Amino acid sequence: MLLNKSQIKEIIPYREPFLFVEGVEKMNENKIFGFYQTSKDDYYFKGHFVDFKIMPGVLVVEGLAQLSTILLREKIGENHKNYHFLAYEVKSCQFFKPIFPGDKIILEAEVLAIYPLPNSENKIARIKSQALVGGELKCQARFSIVIILKKEFEEKYKGHPKN
């Protein structure tokens, strides 16, 4: 394994119960491969659906996005901690089959392009991803992540009453 859960926590700002990548098995310049092991005790199975437990699709996409940010942070380099990596756009997403308690989800993501935003240090990354269980395709998603300077983002929203 290339990265275990402890190492992942050092890279991305997520913790249980909202960490949906448990390991990274392989990474190259534009692709990353990881996994998430579901459990019958996972909190979301208690209410989705009460009579037929399946993993919420939005959490599968969240896992794919978290995996993607690991690769993007690697591509940015040492100063990646100066940036937030935020959901920007979901271009397409298809859910082909349900994911059940106990399934090990194989997560794969590919960075298709990174575009600089005009007059800014910020960027947009385009991602293609998929989730499989036992070799079966469960979900495919294409989305964008904005890579924005923390200082700029936090300055913009620091006066928000919830902060």
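Visitor: What makes two strands a pair here?

Guide: Two strands pair if DSSP finds at least two bridges between them. In this predicted model, strand β4 (residues 104-116) and strand β5 (residues 123-133) are joined antiparallel by ten bridges. Ten bridges against a cut-off of at least two: therefore β4 and β5 count as paired. Within this pairing, Val111 faces Ile127 of β5.

Visitor: How do you know that β5 also pairs with β6?

Guide: By the cut-off of at least two bridges. β5 and strand β6 (residues 136-149) run antiparallel and share eleven bridges, so they too count as a pair. Arg126, for example, has Ser144 in β6 as its bridge partner.

Visitor: Which residues in the two hairpins take a positive phi?

Guide: In the hairpin of β4 and β5, with six residues between the strands, Asn119 has a positive phi near 55 degrees. In the hairpin of β5 and β6, with two residues between the strands, Gly134 has a positive phi near 55 degrees.

Visitor: What makes the phi of Asn119 worth noting?

Guide: Asn119 is not a glycine, yet its phi is positive, about 55 degrees. Most residues other than glycine have a negative phi.

Visitor: Why is Asn119 called exposed?

Guide: Exposed means over 50% relative accessible area. Asn119, in the loop between β4 and β5, has 85% relative accessibility, and therefore counts as exposed.

Visitor: Which peptide bonds are cis, and where?

Guide: The bond from Glu16 to Pro17 is cis, with omega near 10 degrees. Pro17 sits in the loop between α1 (5-11) and β1 (23-27). The bond from His48 to Phe49 is also cis, with omega near -25 degrees, and Phe49 lies in the loop between β2 (31-37) and α2 (57-76). Most peptide bonds are trans.

Visitor: What lines the largest pocket?

Guide: The largest pocket holds about 250 Å³ of space. It is lined by 15 residues, of which Val61, Glu62, Ala65, Leu86 and Ala87 are the closest to its centre. α2, β3 (83-95) and β6 each give two or more residues to this lining, and β3 gives the largest share, six residues. The lining residues of the largest pocket are eleven nonpolar, two polar and two charged.

Note on methods. Residues are numbered from 1 along each chain as its sequence is written. This is a predicted model: local features need pLDDT of at least 70, side-chain atom pairs count only at pLDDT 80 or more; totals for chains, interfaces and linings use all residues. Side-chain values use heavy atoms; hydrogens and water are left out. Helices (H or I, at least four residues) and strands (E, at least two) are DSSP runs, numbered from the N terminus. Buried means under 20% relative accessible area, exposed over 50%, partly exposed in between (1.4 Å probe, protein chains only). On a 1 Å grid over the protein atoms alone, a cavity is a set of points where a 1.4 Å probe fits but cannot get out, and a pocket is an open set with protein on both sides within 12 Å along at least five of seven lines; lining residues have an atom within 4 Å of a point. Grid points are joined across faces, edges and corners, and a volume is the space filled by probe spheres set on the points. Ala, Val, Leu, Ile, Met, Phe, Trp, Tyr, Cys and Pro count as nonpolar, Asp, Glu, Lys and Arg as charged, and the others, Gly among them, as polar.
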